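Trainee: I would like a close look at a single part of this model. Please take me through it step by step.

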Amino acid sequence: MKPIHSEKAPKPNGHYSQGILAGSTLYLSTQLPADDGTPGFWQSPTRQTQSVMESLLAVVAEAGGSAASFVRVTFYVVNIEDWAEVNGAFADFMGDHKPARGVLPLAALKGGWRVAADAIAVIA
């Protein structure tokens, strides 16, 4: 097993790795949005989804993969009413690639965020 770390994704805030490569399978830790300072970022499920996907992709790229490497993405949302917006942002990010996906509603996320995601990718 090999830990994977990208400077382009938020630093771990605890005892974990951004990703662990086991053989050709990359297991990615849950990512929270990285506030980029744009107006309304805290309220925008679309921008938060883009941010977590950018962070996940940064770790995948560090391991040698691309967006096409994702085989499963799991989203965690505080308000299930945000799902259409999250799903739309995810579809825009992924294009024609359609990995397996899950969504889990939660009561809260650390820091007051509305969206988080983790993933599994295969690095060829």
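Trainee: At what angle do helix H1 and helix H2 pack, and how far apart are their axes?

Mentor: Keep in mind that this is a predicted model. Helix H1 covers residues 45-62, and helix H2 covers residues 83-94. They pack at an angle of about 40°, and their axes are 8 Å apart. H1 and H2 are therefore oblique to each other. The crossing of H1 past H2 is right-handed.

Now look at who makes the contact. H1 supplies Pro-45, Thr-46, Thr-49, Met-53, Glu-54 and Leu-57. H2 supplies Glu-85, Val-86, Ala-89, Phe-90, Phe-93 and Met-94. Sorted by type, the residues of this contact are eight nonpolar, two polar and two charged.

Next, check the length of H1. It has 18 residues, so at 1.5 Å a residue it should span 26 Å. The C-alpha atoms at its ends are 26 Å apart, which agrees.

Which parts of H1 are buried? Among them are Pro-45, Thr-49, Met-53, Leu-56 and Val-60. The buried residues of H1 pack against H2, but also against strands S1, S2, S3, S4 and S6. After H1 comes Gly-64, with a positive phi near 105°.

Finally, follow one of those strands. Ala-121 lies in strand S6. Its relative accessible area is 0%, so Ala-121 is buried. Ala-121 touches Val-60 as well as Ser-24, Thr-25, Leu-26, Leu-28, Ser-69, Phe-70 and Val-71, leaving aside residues up to four places away in sequence. Ala-63 is 58 residues from Ala-121 along the chain, and their C-alpha atoms are separated by 9.9 Å.

Note on methods. Residues numbered from 1 in each chain as written. Predicted model: local features only at pLDDT ≥ 70, side-chain atom pairs only at ≥ 80, totals over all residues. Heavy atoms only, no water. Axes fitted to C-alpha atoms, helices over the stretch in contact; angles between N-to-C directions. Helix = DSSP H or I, 4+ residues; strand = E, 2+ residues; numbered from the N terminus. Parallel < 35°, antiparallel > 145°, perpendicular 65-115°, else oblique. Left-handed = near helix turned anticlockwise from the far one by under 90°. Contact = heavy atoms within 4.5 Å. Nonpolar A, V, L, I, M, F, W, Y, C, P; charged D, E, K, R; others polar. Expected span 1.5 Å × (residues − 1). Buried < 20%, exposed > 50% of the residue type's maximum accessible area, 1.4 Å probe, protein only.
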